[in-house]
Amino acid sequence: MDAALVLAERSRGETAPNPNVGCVIVAADGRLVGQGWTQPGGRPHAEAMALAEAGEAARDATIYVTLEPCAHVSPRGPACADLIVAAAPRRVVVALTDPDPRTNGTGIARLRDAGIVVEEGVCAVEAQRSMAGFLTRLRSGRPHVTLKLATSLDGRIALPSGESRWITGPEARADVHRERARHEAILVGRGTYEADAPRLDVRLPGLEHRSPRRLLLTHGAAPEGWEAVRDLAELGALQDVDHLLVEGGAGAAAAFLAADLVDRMLFYRAPIVIGAGKPAVGDIGLSSLAEAHGRWRFVEARSLGSDRLEVYERERD
């Protein structure tokens, strides 16, 4: 399942409105005979790709898949549950049940009715994190939002003059470009746009084609090549955007935090102290310190050159 989760990450940010799924097929003798991941645009599905590679070797094999095989027939392709039944594996291991009402347990039931052993819930937490965009869209009707902040040790994003290039080093900036490639859209506020004229593209070799759509939080019109978001309530109407990366500035960050729309935070901290300067986040409307506690769960930390990345997720029911 770990391998299937790695495969699923290959297409994150390219499959909306479909989920990014990974699939691995292991023959009875332990050989890897098929692997797949959801292709750009959502088709073929991961299972179809892996079954096509495995061919007859899928019979009596074990299939590992990060999401329950779909049970509904689409004009774009057959139901994966039906493809698996036809391939006659011995066992299917599923990380997560599909909350899409068109499947939601029906795919697993179809496999069991065909005499296939199904094991559920393997690496479920990791699968939820991998498909956070798809799941957030289904449950909340909006994209999964990641807020990125690059700050000094004392929480500043720029000098008083506005100079901000560069607070973090090249390794951290490369990681930001990797994150951009995993999101369908990226957003900044009007102040950041006017001060920095950001390109917001992906400049990693081989991933340039995965530059996200550029959104501008503004009450006015958006310049050419940008899309205006005038109200955060409009996020749900964004077509084919399941992962949204918010890169700044302090006003945009505060707006998303105040509206409780941030699901994940990336803190890139440089080993510098600026002192007087521009804060990373503006007022988010807290009336007491107690309101700030219990909202965020630490996920991981990594060193990126001389900088440090900390990842946090919003605690939600």
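Predicted model: local features only at pLDDT ≥ 70, side-chain atom pairs only at ≥ 80, totals over all residues.
Figure 1. On the α2 side, the contact involves Glu 47, Ala 48 and Leu 51. These residues meet Cys 80, Leu 83, Ile 84 and Ala 87 of α3. In general, residues three or four places apart in an α-helix point the same way, because there are 3.6 residues a turn.

**Figure 2. Tyr 193 and Trp 226 form an edge-to-face aromatic pair.** The count of aromatic pairs comes to three. In the pair shown here, the ring centres of Tyr 193 and Trp 226 are separated by 5.1 Å, with 75 degrees between the planes. Tyr 193 belongs to helix α8 (residues 190-196), whereas Trp 226 lies in the loop between β9 (213-217) and β10 (227-229). The pair therefore ties together parts that are 33 residues apart in sequence. Tyr 193 has a relative accessibility of 23% and so counts as partly exposed. Trp 226, at 10% relative accessibility, counts as buried.

**Figure 3. The rings of Phe 267 and Tyr 312 meet edge-to-face.** Their centres are 6.1 Å apart and their planes stand at 85 degrees; planes over 60 degrees apart count as edge-to-face, so the pair is assigned to that class. Phe 267 is part of strand β12 (residues 264-269), and Tyr 312 is part of strand β15 (residues 307-314). The pair thus links parts of the chain that are 45 residues apart in sequence. Both Phe 267 and Tyr 312 are buried. Ring pairs also bring in Phe 298, which joins Phe 267 and Tyr 312 in a cluster.

**Figure 4. Arginine side chains lie over tryptophan rings at two sites.** At one site, Arg 10 is placed over the face of Trp 37, 4.3 Å from the ring centre. At the other, the charged end of Arg 173 sits over the ring of Trp 166, and the distance to the ring centre is 4.5 Å.

**Figure 5. Helix α9 contributes several buried residues.** This helix spans residues 250-258. Asp 260 follows α9 and has a positive phi, near 55 degrees.

How values were computed. Residues numbered from 1 in each chain as written. Heavy atoms only, no water. Phe/Tyr/Trp six-rings, centres within 6.5 Å; stacked < 30°, edge-to-face > 60°. Helix = DSSP H or I, 4+ residues; strand = E, 2+ residues; numbered from the N terminus. Buried < 20%, exposed > 50% of the residue type's maximum accessible area, 1.4 Å probe, protein only. Lys NZ or Arg CZ within 6 Å of the ring centre and 35° of its normal. Contact = heavy atoms within 4.5 Å.
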